[in-house]
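Please keep the sequence and the 3D view at hand while reading.

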Amino acid sequence: MRKLLISLVLLISIPSFSQSLNDYQYVIVPSKFEVLKENDKYHLNSLTKAFLLKYGFKAYLSSDEMPDELSNKRCMVLYASLTRDGGIFMTKLKLALKDCKDNVVFETEFGASRDKDYNVAYNQALRAALKSFDKFSYTYNGKNNPTESAPAPPATPETPVVTSTETPAAPAENNPELFFFAQPIANGFQIVDSEPRVIMRLFTTSQKNVFIAVREDTRGVVILKNNQWFFEYYENSKLVSEQLKLRF
């Protein structure tokens, strides 16, 4: 009987929870979560932004340049926060999306990892927590639309009027804001996308910024040039150089 009541409560609460989330299209992710000491520690902030873009939100790091329509529209935005739990042998994380009054609009389940490497453990735990979004079909319903009442900026010679052409977030594989993430493995890194899915493996060499790279049946090198990463390989005897947006 007790299990039946718990199930009924969950069934009743999930639709309203999801519906509240659909009222918002913008999410701001802090550059530094309160539970960690550094900006983008373990790349968790960038990873959170990438996943939110994947799920259809317009997500920004707090350090990003914000769209004009968000000026003085603080209560039309959700704010991401991270909670940490677990002990010596386990890392547990959950993500909450809160409104401007600090009310929780959506909260994931705890994701956990037992990996001893903190870089790997925190990434695994957050990715596991973010799977809670898969239980809901997020679709923005237009309720909190900051563009409806946002006045146009005054037209002056020094500040020309700019018309926003921002469109909903593109799928993860086509969105230029998204990065691939390097996770440590033996002798190098595995490169994962936001699914997460391993797309490439990098193996260290005697040079700091040069890696032997393997992507499916293609072998080459990943190198750092002018502060940008490139995957270089030969195809039909022709050298191909592809830029990669990597986060180590």
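At a relative accessibility of 15%, C100 falls under the 20% limit and therefore counts as buried. The model in which this value was computed is a predicted one. The partner of C100 is C75, and the disulfide that joins the two has an S to S distance of 2.0 Å. Because C75 has a relative accessible area of 44%, between the limits of 20% and 50%, this cysteine is classed as partly exposed.

| Cysteine | Relative accessible area | Class |
|---|---|---|
| C75 | 44% | partly exposed |
| C100 | 15% | buried |

The count of disulfides comes to 1, and the link of C75 and C100 is right-handed, with 100° about the S-S bond. C75 sits in the loop between β2 (58-61) and β3 (77-85), whereas C100 sits in the loop between β4 (91-98) and β5 (104-107), so the pair ties together parts that lie 25 residues apart in sequence. A disulfide is a covalent bond between the sulfur atoms of two cysteines.

The helix comes next. α3 (118-130) is made up of 13 residues and spans 18 Å from its first C-alpha to its last, which is close to the 18 Å expected at 1.5 Å a residue. Of the 13 residues of α3, 10 are buried, so this helix is largely enclosed by the rest of the structure. The buried residues of α3 include N119, V120, A121, Y122 and N123, and also R127. Among the elements that cover the buried residues of α3 are α2 (44-54), β3, β4, β6 (111-113), β7 and β8 (188-192).

Which residues line the largest cavity? The lining of the largest cavity consists of Y42, H43, N119, N123, F181, A182, Q183 and P184. N119 and N123, which belong to this lining, are also listed among the buried residues of α3. Both α3 and β7 (180-185) supply at least two residues of the lining, and β7 gives the most, with 4 residues. By class, the lining is made up of 4 nonpolar and 4 polar residues, with no charged residues. The structure holds 1 cavity of 30 Å³ or more, and the volume of the largest cavity is about 40 Å³.

Taken together, β7 is both one of the elements covering the buried residues of α3 and the element that gives the most to the cavity lining.

Technical notes. Residues are numbered from 1 along each chain as its sequence is written. This is a predicted model: local features need pLDDT of at least 70, side-chain atom pairs count only at pLDDT 80 or more; totals for chains, interfaces and linings use all residues. Side-chain values use heavy atoms; hydrogens and water are left out. On a 1 Å grid over the protein atoms alone, a cavity is a set of points where a 1.4 Å probe fits but cannot get out, and a pocket is an open set with protein on both sides within 12 Å along at least five of seven lines; lining residues have an atom within 4 Å of a point. Grid points are joined across faces, edges and corners, and a volume is the space filled by probe spheres set on the points. Ala, Val, Leu, Ile, Met, Phe, Trp, Tyr, Cys and Pro count as nonpolar, Asp, Glu, Lys and Arg as charged, and the others, Gly among them, as polar. A disulfide is a pair of cysteine sulfur atoms within 2.5 Å. Buried means under 20% relative accessible area, exposed over 50%, partly exposed in between (1.4 Å probe, protein chains only). The expected span of a helix is 1.5 Å times one less than its number of residues. Contact means heavy atoms within 4.5 Å.
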